[in-house]
Amino acid sequence: MKMLLPWELLILLSLKECLANTRHGPVFTQEPSDSIFPMSTDDKQVFINCKAKGNPPPRYWKVDGRDINTDSDLNYSLVEGNLLISNPHVINHGGVYQCIATNTFGTVVSREAKVQFALQNFSSKTRNTVSVREGQAVVLLCGPPPHYGIKYSWVFNGQRSFLQQDARRFISQKTGNLYIAKVEASDAGNYTCAVRNMMTNSTVFSSPTPVVVRRDVMGEYEPKIEVQFPDTLHVSKGSSVKLECFALGPVPSISWRRADGNPLPGKIKINHSSGVLEIPYFRPEDAGVYECVAENSRGRNVARGQLIFHAEHLQWVQTLKDAHMAIDANLQWECKAIGKPMPTYRWLKNGQERIHLEAGRLTIPKISLSDSGMYQCVAENEHGSVYASAELKVVG
């Protein structure tokens, strides 16, 4: 190996120092992600990660629809650019956060991150008595506190075990409400909604709802489908989807079918006396229109909804590269992402929205020094968004 002469070594060291000190705009090395905070934890802090590099080093600040001032709001503090929320409150500190990195060359914004809180306590307010005729249907509202990642149950007359679901009684895991298709005299009593935090396994209870059953008997009628799934539901590849269906009236039978006449997938699970249909590991062949049929001696009703296969989350197929250009040159940047439904595009300059441009293309004719800065292309659809960033340096 050839030995370097002193002057060659000096040039090499100077070049390394120059490269190390190259000044550039901020670039994220770690962006925030969604988080769920269990309210029952002893550690009363939420930590949101965000890191960026740049020369000169970027400054950070966070927004939740507004600028966060860490000097005036003592719940917020910055730890090497990361955001720390001390003694968080569901109303004040839940929401969507973004990290902003800025230095003398420009500004970039991170992807959005949701901060949600798993569970609070119910209101202690006394609940009104529900009066219902024997043979009539009744819906008892859970009215859960702000929550995320929970399971609903009901307790009858303070019993140790939870109320069992059957063909006559159904608990929606979407709303927490208890549905009784046809009330019997033995249903009179106190009903308490129980909400279990799936993260900490802790449970909170509502105030009891008293139910009084009157002796005047209700006549029979055809089933009324009270719980049903959405008309259209996008389901991502490999996920599990649960469809709820329950009808009120003289206890109906619930059955499931596909509208095109094809058999139901063999992997499906039907439980709660056919009130819930679950399709695990969703695949393209599982897409289609599903129907729930409720039938009793007085008639039948059908609820239907379409499951649409959602292939992939948004992904870049063409992203951005930094550009060093001379004054009066023409700039054209293009970004492309794939996803279903097809994404729309926005462009940001230094964190601020620019005019809506055609597809993923940004064109600036005869650029000037004022066009220098950090640019971001944002592709988004109803399932989310992705960000690509690059720096434009205009040389005089």
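How many bridges join strand 30 to strand 34, and in which direction do the two run? In this predicted model, strand 30 (residues 331-334) and strand 34 are joined by four bridges and run antiparallel. Within this pairing, Leu-331 stands opposite Ile-364 of strand 34. Strand 34 (residues 361-364) has one covered face, made up of Leu-362 and Ile-364, and one uncovered face, made up of Arg-361 and Thr-363. In a regular strand the side chains alternate between the two faces of the sheet.

An open sheet is formed by five strands in the order 29-36-35-32-33, and the pairing within this sheet is mixed. Its edges are strand 29 (323-326) and strand 33 (352-353), each of which pairs on one side only. Strand 35 (residues 373-381) and strand 36 run antiparallel and are joined by nine bridges, and across them Gln-376 stands opposite Ser-389 of strand 36.

Strand 36 (residues 384-395) also holds Glu-391, a residue that is buried yet has no salt bridge. The nearest side chain of opposite charge is that of Lys-393, at 4.2 Å, whereas a salt bridge would require a nitrogen within 4 Å of a carboxyl oxygen. A polar atom of the Glu-391 side chain does, however, lie 2.8 Å from the backbone nitrogen of Gly-25. When neighbours within four places in sequence are left aside, the residues in contact with Glu-391 include His-24, Gly-25 and Phe-105, together with Asp-322, Ala-323 and Trp-333, and also Gly-373 and Met-374.

Across the whole structure, a search finds 16 salt bridges. One of them joins Arg-168 to Asp-187, with the closest N and O atoms 2.6 Å apart. Because Arg-168 lies in the loop between strand 13 (150-156) and strand 14 (169-171), and Asp-187 in the loop between strand 15 (178-180) and strand 16 (189-197), this pair ties together parts that are 19 residues apart in sequence. Arg-168 is buried, with a relative accessible area of 12%, and Asp-187 likewise counts as buried, at 3% relative accessibility.

A salt bridge is also formed between Glu-291 and Arg-257, whose closest N and O atoms are 2.6 Å apart. Here distant parts of the chain are linked, since Glu-291 belongs to strand 26 (residues 288-296) and Arg-257 to strand 23 (residues 253-258), 34 residues apart. Glu-291 is buried, with a relative accessible area of 8%, while Arg-257 is partly exposed, with a relative accessible area of 34%. In the salt bridge of Arg-346 with Glu-353, the closest N and O atoms are 3.0 Å apart; Arg-346 counts as partly exposed at 22% relative accessibility, and Glu-353 is partly exposed as well, with a relative accessible area of 49%.

Cys-50 counts as buried at 1% relative accessibility, and Cys-99 is buried with a relative accessible area of 0%.

Cys-142 is joined to Cys-193 by a disulfide with an S to S distance of 2.0 Å, and this link is left-handed, with -80° about the S-S bond. Since Cys-142 lies in the loop between strand 12 (138-140) and strand 13, and Cys-193 in strand 16, the pair ties together parts that are 51 residues apart in sequence. Both cysteines, Cys-142 and Cys-193, are buried.

A further disulfide is formed by Cys-335 and Cys-377, with sulfur atoms 1.8 Å apart. Cys-335 lies in the loop between strand 30 and strand 31 (336-338), and Cys-377 in strand 35, so that this pair ties together parts that are 42 residues apart in sequence. Cys-335 and Cys-377 are both buried.

Key
Residues are numbered from 1 along each chain as its sequence is written. This is a predicted model: local features need pLDDT of at least 70, side-chain atom pairs count only at pLDDT 80 or more; totals for chains, interfaces and linings use all residues. Side-chain values use heavy atoms; hydrogens and water are left out. Buried means under 20% relative accessible area, exposed over 50%, partly exposed in between (1.4 Å probe, protein chains only). Lys and Arg count as positive and Asp and Glu as negative; His and the chain ends are not counted. A polar contact is a pair of N or O atoms within 3.5 Å; within protein, one must be able to donate a hydrogen and the other to accept it, and residues adjacent in sequence count only if both atoms are side-chain atoms. Contact means heavy atoms within 4.5 Å. Two strands pair if DSSP finds at least two bridges between them. A disulfide is a pair of cysteine sulfur atoms within 2.5 Å.
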